[in-house]
Amino acid sequence: MNGTPPTRILLADDQDDVRSGFRLVLDSQPDMTVVGEAADGATAYDLARSLRPDVVLADIRMPRLDGLELTRRLAGPQAPHPTRVIVVTTFDLDEYVHTALHNGASGFLLKRSGPALLIEGVRAAMAGDALISPQITVRLLHRLTAPPPPPARAPEPDPLTDRERDIVRLIARGHTNARIAADLFISPGTAKTHIANIQAKLKTANRVGIAAWAWRTGLATPGP
């Protein structure tokens, strides 16, 4: 760990068994620790203000204050002390994904995606990225991305190397860093470095922006 303190995580979910499962997964990581739990959104908001966690994992449907409003209060532009919030839910409705990201969410994960993606989502949030469950990435991008430009329009500049284009195509398919590394026979650290370089070149905030660029320019197309 090189003396780096672990990522402090707050769990917000109205189901005790879900919180227990998340705690078991996250506390098993040497770079993570769960510092609090809440069974409703209002309690989660109060705990986030008092505990100042690095990341909040929030379900959408909770009593008193839902996860989308909790995200807006903790991570939105008006938040006095912005906190990274990852929405982790059973519901993958487009309107939920769209609202969560616009409210400042640092990721949108489905509970059925499994523990590996949950761990990667926390690490991505800490790195300033936004991880979306692969099951919904393509559908989400189809909604968020503008139609392709007309043929008469000058092509958008492409500053990427061939390897970076390969990575962008995989991001547009919803692949995680680990999957990208495996597909291209590179280390996860190398994949992460490439993605950071791509974000800098394309001036995007996260992998959603990278994938949107791929769709807009025709480097990737809708489909699985």
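I worked from a predicted model, in which local features need pLDDT of at least 70 and side-chain atom pairs count only at pLDDT 80 or more, while totals for chains, interfaces and linings use all residues. Residues are numbered from 1 along each chain as its sequence is written, and side-chain values use heavy atoms, with hydrogens and water left out.

I looked up the sheet first. I found 6 strands in an open, parallel sheet with the order 2-1-3-4-5-6, where strands (E, at least two residues) and helices (H or I, at least four) are DSSP runs numbered from the N terminus, and two strands pair if DSSP finds at least two bridges between them. Strand 2 (32-38) and strand 6 (131-132) are at the edges with a single partner strand each, so one side of each has no neighbour in the sheet. I noted 6 bridges between strand 1 (residues 7-12) and strand 2, with leucine 10 opposite glycine 36.

I then turned to helix 8 (residues 177-184) and helix 9 (residues 188-202), whose axes, lines fitted to C-alpha atoms over the stretch in contact, come within 8 Å and cross at roughly 110°. The two helices are therefore roughly perpendicular (65 to 115 degrees). In contact (heavy atoms within 4.5 Å) are Asn177, Ile180 and Ala181 of helix 8 with Pro188, Ala191, Lys192 and Ile195 of helix 9.

Last, I checked charges over rings (NZ of Lys or CZ of Arg within 6 Å of the ring centre and within 35 degrees of the ring normal). Arginine 61 sits over phenylalanine 91, 3.8 Å from the ring centre, and arginine 73 over tyrosine 45, at 5.7 Å.

Notes
Axes are lines fitted to C-alpha atoms, for helices over the stretch in contact, and angles run from 0 to 180 degrees between N-to-C directions. Angles under 35 degrees count as roughly parallel, over 145 as roughly antiparallel, 65 to 115 as roughly perpendicular and the rest as oblique.
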